[in-house]
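Hello,

Here is the structure for you to take over. My notes follow below it.

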Amino acid sequence: MFEAKIIVTLRSSILDPQGSAVATSLQSLSYPVPEVRIGKYMELTLQASDEQEATALLQIICQKVLANPVMEDYRILQLTRKEE
C-alpha cells in the first residue's frame with residue numbers, strides 16, 4: 001500500500017477567477033499579494049507492489065480522473081509506502 005499527495009492546478013494559460021477574487025481581497029486588506037492561483041489538494045491510498053507500479057498507476061489516475069488535461073496540470077507531491 002502507498003499513500004500519495006497530489007496537487008491539481010489550472011494551467012498558467014487558463015484564467016483563475018477564484019484566485020483573482022482572493023488576490024483582490026488580500027490587496028484590499030493591504031497585503032502585498034499580486035497574484036493567487038487556486039488548486040485542489042488530494043490524498044489517496046492505493047495498492048501497488050512497488051513504488052514504480054504505484055507511480056505508473058498515479059500517472060494514469062491523474063491523467064484520466066483527477067485532472068482535466070486540457071485545463072489542468074498535476075503534481076505528485078509525495079508517494080510513501082504505508083504500513084499495513
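Contact here means heavy atoms within 4.5 Å. Leaving aside neighbours within four places in sequence, Leu44 is in contact with Phe2, Glu3, Ala4, Ile6, Leu58 and Leu66.

Some ground rules. This is a predicted model, where local features need pLDDT of at least 70, side-chain atom pairs count only at pLDDT 80 or more, and totals for chains, interfaces and linings use all residues. Residues are numbered from 1 along each chain as its sequence is written, and side-chain values use heavy atoms, with hydrogens and water left out.

The sheet

Helices (H or I, at least four residues) and strands (E, at least two) are DSSP runs, numbered from the N terminus. Strands pair if DSSP finds at least two bridges between them. Three strands form an open sheet in the order β2-β1-β3, and the pairing is antiparallel. β2 (39-46) and β3 (72-81) are at the edges with a single partner strand each, so one side of each has no neighbour in the sheet. From one strand to the next, the twist averages 20 degrees.

β1 (residues 2-10) and β3 run antiparallel, joined by nine bridges. Ala4 has Leu79 of β3 as its bridge partner. Helix α2 (residues 51-66) packs on the sheet and touches β1, β2 and β3. The direction of α2 makes about 150 degrees with that of β3. Axes are lines fitted to C-alpha atoms, for helices over the stretch in contact; angles run from 0 to 180 degrees between N-to-C directions.

The core

A nonpolar core is a set of buried Ala, Val, Leu, Ile, Met, Phe, Trp, Tyr and Cys residues joined through side-chain atoms within 4.5 Å. Buried means under 20% relative accessible area, exposed over 50%, and partly exposed in between (1.4 Å probe, protein chains only). The largest core has 14 residues, of which Ala4, Ile6, Leu44, Leu46 and Leu58 touch the most other members. At least two residues of this core come from each of β1, β2 and α2.

Two residues to look at

Glu72 lies in strand β3. Glu72 is buried, at 13% relative accessible area. Not counting residues up to four places away in sequence, Glu72 touches Val8, Thr9, Leu10, Arg11, Lys40, Leu66 and Ala67.

Ser30 sits in the loop between α1 (17-28) and β2. Phi of Ser30 is positive, near 70 degrees. Most residues other than glycine have a negative phi. Ser30 is exposed, with a relative accessible area of 64%.

Best wishes
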